[in-house]
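Please open the model in your viewer and keep the selection panel at hand.

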Amino acid sequence: MVNSCTGKMGHATAEAVVRAGLQLVPLSFTGASEAVAVGNVGVAGIPVELIAPEERQAAMERVKAQYPGLVLIDFTLPSVVNDNVEFYAHNGVPFVVGTTGGDREKLLADAQSAGCYAVIAPQMGKQVVAFQAAMEILAQNFPGAFSGYKLEVTESHQRQKADTSGTAKAIVSSFGKLGTPIQEADIEKVRDAPTQMDRMGVPEEHLGGHAFHTYRLTSPDGDVEFVFQHNVCGRTIYAEGTVDAALFLAKKVSQKSEKRIFDMIDVLREGSMR
Ligand SMILES: NC(=O)C1=CN([C@@H]2O[C@H](COP(=O)(O)OP(=O)(O)OC[C@H]3O[C@@H](n4cnc5c(N)ncnc54)[C@H](OP(=O)(O)O)[C@@H]3O)[C@@H](O)[C@H]2O)C=CC1
Ligand SMILES: O=C(O)C1=N[C@H](C(=O)O)C[C@H](O)C1
(Lines give C-alpha, C1' and ligand atoms only; values in the text may rest on other atoms or scores of the structure.)
(Ligands and ions follow the chains in the order given, each with its own letter.)
Protein backbone atom coordinates (compact mmCIF):
# COMPACT_ATOMS: atom_id res chain seq x y z
CA MET A 1 0.00 0.00 0.00
CA VAL A 2 1.51 3.29 -1.08
CA ASN A 3 0.83 6.57 0.71
CA SER A 4 0.37 8.84 -1.09
CA CYS A 5 -0.29 7.83 -4.67
CA THR A 6 -1.19 11.46 -5.43
CA GLY A 7 2.38 12.59 -4.80
CA LYS A 8 5.25 12.36 -7.26
CA MET A 9 7.23 9.65 -5.43
CA GLY A 10 4.15 7.77 -4.23
CA HIS A 11 2.81 7.55 -7.76
CA ALA A 12 6.16 6.45 -9.23
CA THR A 13 6.51 3.82 -6.49
CA ALA A 14 2.98 2.48 -6.96
CA GLU A 15 3.75 2.08 -10.66
CA ALA A 16 6.96 0.21 -9.77
CA VAL A 17 4.95 -2.08 -7.44
CA VAL A 18 2.68 -2.99 -10.35
CA ARG A 19 5.67 -3.39 -12.72
CA ALA A 20 7.21 -5.84 -10.26
CA GLY A 21 4.07 -8.00 -10.47
CA LEU A 22 3.08 -7.31 -6.85
CA GLN A 23 -0.43 -6.61 -5.66
CA LEU A 24 -1.00 -2.89 -5.16
CA VAL A 25 -3.58 -2.20 -2.44
CA PRO A 26 -6.11 0.00 -4.27
CA LEU A 27 -6.32 2.49 -1.39
CA SER A 28 -3.99 5.34 -0.52
CA PHE A 29 -3.90 7.76 2.40
CA THR A 30 -3.52 11.32 1.27
CA GLY A 31 -3.74 14.89 2.48
CA ALA A 32 -7.24 16.25 2.98
CA SER A 33 -7.08 18.52 -0.07
CA GLU A 34 -6.63 15.69 -2.62
CA ALA A 35 -9.15 13.33 -1.06
CA VAL A 36 -11.83 16.00 -1.06
CA ALA A 37 -11.08 17.06 -4.62
CA VAL A 38 -10.57 13.62 -6.22
CA GLY A 39 -12.14 10.27 -5.25
CA ASN A 40 -9.46 8.12 -6.81
CA VAL A 41 -6.25 8.26 -8.78
CA GLY A 42 -5.20 5.94 -11.60
CA VAL A 43 -2.00 3.90 -11.23
CA ALA A 44 -1.12 1.84 -14.32
CA GLY A 45 -4.85 1.60 -15.05
CA ILE A 46 -5.77 0.62 -11.45
CA PRO A 47 -8.18 3.03 -9.72
CA VAL A 48 -6.74 3.73 -6.26
CA GLU A 49 -9.22 5.10 -3.72
CA LEU A 50 -7.98 8.17 -1.85
CA ILE A 51 -8.48 8.14 1.92
CA ALA A 52 -8.59 11.42 3.84
CA PRO A 53 -6.82 11.57 7.23
CA GLU A 54 -10.06 11.34 9.26
CA GLU A 55 -11.06 8.11 7.42
CA ARG A 56 -7.74 6.34 7.70
CA GLN A 57 -8.37 4.18 10.82
CA ALA A 58 -11.47 2.57 9.34
CA ALA A 59 -9.64 2.06 6.03
CA MET A 60 -6.63 0.55 7.82
CA GLU A 61 -8.82 -2.03 9.52
CA ARG A 62 -10.29 -2.99 6.13
CA VAL A 63 -6.85 -3.24 4.55
CA LYS A 64 -5.37 -5.29 7.41
CA ALA A 65 -8.23 -7.78 7.15
CA GLN A 66 -8.03 -8.10 3.36
CA TYR A 67 -4.25 -8.08 2.75
CA PRO A 68 -2.42 -10.33 5.23
CA GLY A 69 1.01 -9.77 3.59
CA LEU A 70 0.60 -6.01 3.81
CA VAL A 71 3.61 -3.67 3.65
CA LEU A 72 2.95 0.08 3.78
CA ILE A 73 5.11 2.57 1.93
CA ASP A 74 5.24 6.22 2.95
CA PHE A 75 6.22 9.00 0.56
CA THR A 76 4.40 11.96 2.02
CA LEU A 77 5.74 15.18 3.51
CA PRO A 78 8.20 16.13 6.26
CA SER A 79 5.32 17.89 8.05
CA VAL A 80 3.19 14.73 8.37
CA VAL A 81 5.73 11.87 8.46
CA ASN A 82 5.86 11.65 12.27
CA ASP A 83 2.09 11.49 12.58
CA ASN A 84 1.96 8.81 9.87
CA VAL A 85 4.64 6.69 11.52
CA GLU A 86 2.86 6.94 14.88
CA PHE A 87 -0.26 5.73 13.10
CA TYR A 88 1.46 2.80 11.36
CA ALA A 89 3.19 1.84 14.62
CA HIS A 90 -0.07 2.04 16.54
CA ASN A 91 -1.62 -0.34 13.97
CA GLY A 92 1.33 -2.73 14.14
CA VAL A 93 1.92 -2.91 10.38
CA PRO A 94 5.32 -3.25 8.65
CA PHE A 95 6.28 -0.09 6.79
CA VAL A 96 8.89 1.51 4.54
CA VAL A 97 9.49 5.23 5.00
CA GLY A 98 11.18 7.13 2.17
CA THR A 99 9.83 10.47 3.31
CA THR A 100 12.55 12.77 4.55
CA GLY A 101 12.55 15.36 7.34
CA GLY A 102 10.37 15.53 10.44
CA ASP A 103 11.76 14.55 13.82
CA ARG A 104 13.96 11.60 12.84
CA GLU A 105 14.82 10.56 16.42
CA LYS A 106 11.15 10.42 17.35
CA LEU A 107 10.31 8.56 14.16
CA LEU A 108 12.85 5.86 14.98
CA ALA A 109 11.83 5.74 18.65
CA ASP A 110 8.13 5.34 17.75
CA ALA A 111 8.86 2.48 15.35
CA GLN A 112 11.18 0.80 17.85
CA SER A 113 8.92 1.07 20.88
CA ALA A 114 5.97 -0.38 18.96
CA GLY A 115 8.12 -3.36 17.90
CA CYS A 116 7.32 -2.78 14.22
CA TYR A 117 9.20 -4.06 11.20
CA ALA A 118 10.36 -1.02 9.22
CA VAL A 119 12.84 0.20 6.64
CA ILE A 120 13.53 3.90 7.13
CA ALA A 121 15.90 5.74 4.80
CA PRO A 122 16.27 9.13 3.11
CA GLN A 123 17.69 7.48 -0.02
CA MET A 124 16.34 4.41 -1.84
CA GLY A 125 18.41 4.44 -5.04
CA LYS A 126 20.72 1.41 -5.11
CA GLN A 127 23.88 3.10 -6.42
CA VAL A 128 23.44 6.18 -4.23
CA VAL A 129 22.92 3.92 -1.21
CA ALA A 130 26.18 2.16 -2.17
CA PHE A 131 27.95 5.54 -2.28
CA GLN A 132 26.43 6.47 1.08
CA ALA A 133 27.66 3.16 2.53
CA ALA A 134 31.13 3.69 1.03
CA MET A 135 31.46 7.10 2.68
CA GLU A 136 30.43 5.65 6.04
CA ILE A 137 32.92 2.76 5.66
CA LEU A 138 35.63 5.33 4.84
CA ALA A 139 34.66 7.31 7.93
CA GLN A 140 34.72 4.23 10.17
CA ASN A 141 38.09 3.05 8.83
CA PHE A 142 39.91 6.35 8.47
CA PRO A 143 38.41 8.77 10.99
CA GLY A 144 39.87 12.25 10.66
CA ALA A 145 41.48 11.49 7.26
CA PHE A 146 40.34 14.87 5.93
CA SER A 147 40.95 16.95 9.06
CA GLY A 148 41.69 20.56 8.15
CA TYR A 149 39.97 20.31 4.77
CA LYS A 150 37.05 22.56 3.92
CA LEU A 151 33.79 20.82 2.97
CA GLU A 152 31.25 22.52 0.70
CA VAL A 153 27.96 20.76 -0.07
CA THR A 154 25.40 21.83 -2.66
CA GLU A 155 22.13 20.04 -3.39
CA SER A 156 19.60 20.93 -6.09
CA HIS A 157 16.02 19.62 -6.17
CA GLN A 158 12.67 20.54 -7.72
CA ARG A 159 11.33 23.91 -6.53
CA GLN A 160 8.61 22.32 -4.32
CA LYS A 161 11.07 20.44 -2.08
CA ALA A 162 10.84 22.20 1.26
CA ASP A 163 13.46 20.43 3.36
CA THR A 164 17.21 20.04 3.01
CA SER A 165 18.17 16.80 1.26
CA GLY A 166 18.04 13.92 3.73
CA THR A 167 20.71 12.16 1.68
CA ALA A 168 23.06 15.14 1.94
CA LYS A 169 22.49 15.23 5.71
CA ALA A 170 23.35 11.51 6.02
CA ILE A 171 26.53 11.87 3.95
CA VAL A 172 27.56 15.04 5.79
CA SER A 173 27.40 12.99 9.00
CA SER A 174 30.06 10.61 7.53
CA PHE A 175 32.16 13.59 6.44
CA GLY A 176 31.99 14.84 10.04
CA LYS A 177 33.71 11.64 11.16
CA LEU A 178 36.32 12.11 8.42
CA GLY A 179 37.27 15.40 10.05
CA THR A 180 35.17 17.95 8.15
CA PRO A 181 32.14 18.69 10.32
CA ILE A 182 29.56 21.13 8.99
CA GLN A 183 26.02 22.05 10.07
CA GLU A 184 22.79 21.37 8.16
CA ALA A 185 22.49 25.14 7.61
CA ASP A 186 25.83 25.09 5.74
CA ILE A 187 24.38 22.83 3.02
CA GLU A 188 23.52 25.04 0.05
CA LYS A 189 19.99 24.34 -1.22
CA VAL A 190 19.38 25.28 -4.86
CA ARG A 191 15.72 25.55 -5.82
CA ASP A 192 15.64 28.16 -8.62
CA ALA A 193 15.56 27.11 -12.27
CA PRO A 194 18.22 29.46 -13.71
CA THR A 195 20.85 28.35 -11.16
CA GLN A 196 19.82 24.73 -11.58
CA MET A 197 20.30 24.84 -15.35
CA ASP A 198 23.23 27.26 -15.69
CA ARG A 199 25.37 26.31 -12.70
CA MET A 200 24.34 22.76 -11.82
CA GLY A 201 23.68 21.49 -15.35
CA VAL A 202 20.16 20.19 -14.66
CA PRO A 203 18.40 19.42 -17.97
CA GLU A 204 15.35 21.66 -18.42
CA GLU A 205 13.01 18.68 -18.76
CA HIS A 206 14.06 17.49 -15.28
CA LEU A 207 13.56 20.73 -13.37
CA GLY A 208 10.37 19.20 -11.92
CA GLY A 209 12.15 16.07 -10.61
CA HIS A 210 15.88 15.84 -10.03
CA ALA A 211 18.41 15.45 -7.21
CA PHE A 212 21.90 16.79 -7.92
CA HIS A 213 24.42 16.59 -5.07
CA THR A 214 28.03 17.86 -5.00
CA TYR A 215 30.45 17.45 -2.08
CA ARG A 216 33.72 19.39 -2.50
CA LEU A 217 36.69 18.95 -0.17
CA THR A 218 39.59 21.42 -0.37
CA SER A 219 42.91 21.18 1.48
CA PRO A 220 43.99 24.08 3.73
CA ASP A 221 46.54 25.36 1.15
CA GLY A 222 44.11 24.87 -1.75
CA ASP A 223 46.48 22.47 -3.55
CA VAL A 224 44.28 19.37 -3.23
CA GLU A 225 40.64 19.01 -4.13
CA PHE A 226 38.21 16.07 -4.02
CA VAL A 227 34.78 16.31 -5.64
CA PHE A 228 32.08 13.67 -5.14
CA GLN A 229 28.90 14.00 -7.15
CA HIS A 230 25.65 12.07 -7.68
CA ASN A 231 23.16 13.51 -10.12
CA VAL A 232 19.78 11.83 -10.56
CA CYS A 233 17.06 12.81 -13.04
CA GLY A 234 13.55 11.46 -12.53
CA ARG A 235 12.36 9.08 -9.81
CA THR A 236 12.69 5.56 -11.19
CA ILE A 237 15.86 4.74 -9.25
CA TYR A 238 14.10 5.46 -5.90
CA ALA A 239 10.83 3.76 -6.87
CA GLU A 240 12.64 0.54 -7.83
CA GLY A 241 14.71 0.63 -4.64
CA THR A 242 11.57 1.08 -2.59
CA VAL A 243 10.06 -2.08 -4.06
CA ASP A 244 13.28 -3.88 -3.06
CA ALA A 245 12.86 -2.52 0.47
CA ALA A 246 9.24 -3.72 0.66
CA LEU A 247 10.19 -7.23 -0.52
CA PHE A 248 13.10 -7.31 1.94
CA LEU A 249 10.80 -6.28 4.78
CA ALA A 250 8.16 -8.89 3.88
CA LYS A 251 10.93 -11.50 4.05
CA LYS A 252 12.06 -10.25 7.48
CA VAL A 253 8.48 -10.46 8.76
CA SER A 254 8.04 -14.01 7.48
CA GLN A 255 11.40 -15.01 9.01
CA LYS A 256 10.33 -13.44 12.33
CA SER A 257 13.66 -11.60 12.31
CA GLU A 258 14.84 -10.42 15.72
CA LYS A 259 16.18 -7.20 14.20
CA ARG A 260 13.18 -5.17 13.12
CA ILE A 261 14.35 -1.71 12.14
CA PHE A 262 16.48 -1.42 9.00
CA ASP A 263 17.93 1.17 6.66
CA MET A 264 18.74 0.84 2.97
CA ILE A 265 22.35 -0.06 3.68
CA ASP A 266 20.98 -3.18 5.44
CA VAL A 267 18.88 -3.96 2.35
CA LEU A 268 21.87 -3.49 0.04
CA ARG A 269 24.21 -5.53 2.26
CA GLU A 270 21.87 -8.51 2.14
CA GLY A 271 21.96 -8.48 -1.65
CA SER A 272 18.28 -7.59 -1.75
CA MET A 273 18.54 -4.80 -4.33
CA ARG A 274 17.98 -5.76 -7.97
N1 LIG B 1 13.98 8.14 0.17
C2 LIG B 1 14.10 8.49 -1.12
O3 LIG B 1 14.84 7.86 -1.90
C4 LIG B 1 13.34 9.64 -1.64
C5 LIG B 1 12.62 10.41 -0.77
N6 LIG B 1 11.85 11.42 -1.24
C7 LIG B 1 11.05 12.11 -0.24
O8 LIG B 1 9.69 11.71 -0.36
C9 LIG B 1 8.84 12.74 0.11
C10 LIG B 1 7.76 13.02 -0.92
O11 LIG B 1 8.31 13.61 -2.06
P12 LIG B 1 7.41 13.96 -3.34
O13 LIG B 1 6.64 12.77 -3.75
O14 LIG B 1 8.32 14.60 -4.31
O15 LIG B 1 6.39 15.04 -2.72
P16 LIG B 1 4.93 15.45 -3.23
O17 LIG B 1 4.69 16.80 -2.68
O18 LIG B 1 4.83 15.23 -4.70
O19 LIG B 1 3.96 14.39 -2.54
C20 LIG B 1 3.61 14.42 -1.19
C21 LIG B 1 2.25 13.77 -1.05
O22 LIG B 1 1.93 13.58 0.32
C23 LIG B 1 0.53 13.76 0.45
N24 LIG B 1 0.11 14.01 1.83
C25 LIG B 1 0.05 15.18 2.51
N26 LIG B 1 -0.39 14.98 3.74
C27 LIG B 1 -0.63 13.65 3.88
C28 LIG B 1 -1.10 12.82 4.92
N29 LIG B 1 -1.45 13.33 6.11
N30 LIG B 1 -1.21 11.49 4.69
C31 LIG B 1 -0.90 10.96 3.50
N32 LIG B 1 -0.45 11.72 2.46
C33 LIG B 1 -0.31 13.03 2.65
C34 LIG B 1 0.26 14.93 -0.45
O35 LIG B 1 -1.13 15.00 -0.74
P36 LIG B 1 -1.89 16.44 -0.74
O37 LIG B 1 -1.52 17.05 -2.04
O38 LIG B 1 -3.29 16.07 -0.57
O39 LIG B 1 -1.37 17.24 0.43
C40 LIG B 1 1.11 14.57 -1.66
O41 LIG B 1 0.40 13.76 -2.55
C42 LIG B 1 9.76 13.92 0.44
O43 LIG B 1 10.07 13.90 1.80
C44 LIG B 1 11.01 13.60 -0.37
O45 LIG B 1 12.19 14.17 0.15
C46 LIG B 1 11.78 11.72 -2.56
C47 LIG B 1 12.51 11.01 -3.46
C48 LIG B 1 13.35 9.91 -3.09
O1 LIG C 1 12.71 15.14 -2.59
C2 LIG C 1 13.39 14.51 -3.43
O3 LIG C 1 13.20 14.58 -4.65
C4 LIG C 1 14.47 13.64 -2.93
N5 LIG C 1 14.57 13.47 -1.63
C6 LIG C 1 15.52 12.63 -0.97
C7 LIG C 1 16.42 13.45 -0.06
O8 LIG C 1 15.95 14.43 0.53
O9 LIG C 1 17.59 13.10 0.09
C10 LIG C 1 16.29 11.76 -1.94
C11 LIG C 1 16.61 12.43 -3.23
O12 LIG C 1 17.53 13.48 -2.98
C13 LIG C 1 15.35 12.95 -3.89
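How far is an oxygen atom of ligand 2 from an N or O atom in the side chain of Thr 167? In this predicted model, the distance is 2.5 Å.

Keep ligand 2 selected and display the residues around it. These are Thr 100, Pro 122, Gln 123, His 157, Gln 158, Lys 161, Ser 165, Gly 166, Thr 167, Ala 211, His 213 and Tyr 238. Select Gln 158, where a polar side-chain atom is placed 2.8 Å from an oxygen atom of ligand 2. Then select Ser 165, which has a polar side-chain atom 3.1 Å from an oxygen atom of the ligand.

Next, select ligand 1. It is surrounded by 25 residues, of which Thr 6, Met 9, Thr 100, Met 124 and Lys 161 are the closest. Display the backbone here: a backbone N or O atom of Met 9 lies 2.8 Å from an oxygen atom of ligand 1. For Gly 7 the corresponding distance from a backbone N or O atom is 3.0 Å, and for Gly 31 it is 3.3 Å.

Finally, select helix 6 (residues 126–141) and helix 7 (residues 166–177), whose axes come within 7 Å and cross at roughly 20°. Because angles under 35 degrees count as roughly parallel, the two helices are described as roughly parallel to each other. Their crossing is left-handed. Show the side chains at the contact: Phe 131, Met 135 and Ala 139 are among the residues of helix 6 that meet helix 7, where the partners include Ala 170, Ile 171 and Phe 175.

Methods:
Residues are numbered from 1 along each chain as its sequence is written. Chains are lettered from A and ligands numbered from 1 in the order in which they are written. This is a predicted model: local features need pLDDT of at least 70, side-chain atom pairs count only at pLDDT 80 or more; totals for chains, interfaces and linings use all residues. Side-chain values use heavy atoms; hydrogens and water are left out. Axes are lines fitted to C-alpha atoms, for helices over the stretch in contact, and angles run from 0 to 180 degrees between N-to-C directions. Helices (H or I, at least four residues) and strands (E, at least two) are DSSP runs, numbered from the N terminus. Angles under 35 degrees count as roughly parallel, over 145 as roughly antiparallel, 65 to 115 as roughly perpendicular and the rest as oblique. A crossing is left-handed if the near helix is turned anticlockwise from the far one by less than a right angle, and right-handed if clockwise. Contact means heavy atoms within 4.5 Å. A residue is near a molecule or strand if one of its heavy atoms lies within 4 Å of it. A polar contact is a pair of N or O atoms within 3.5 Å; within protein, one must be able to donate a hydrogen and the other to accept it, and residues adjacent in sequence count only if both atoms are side-chain atoms.
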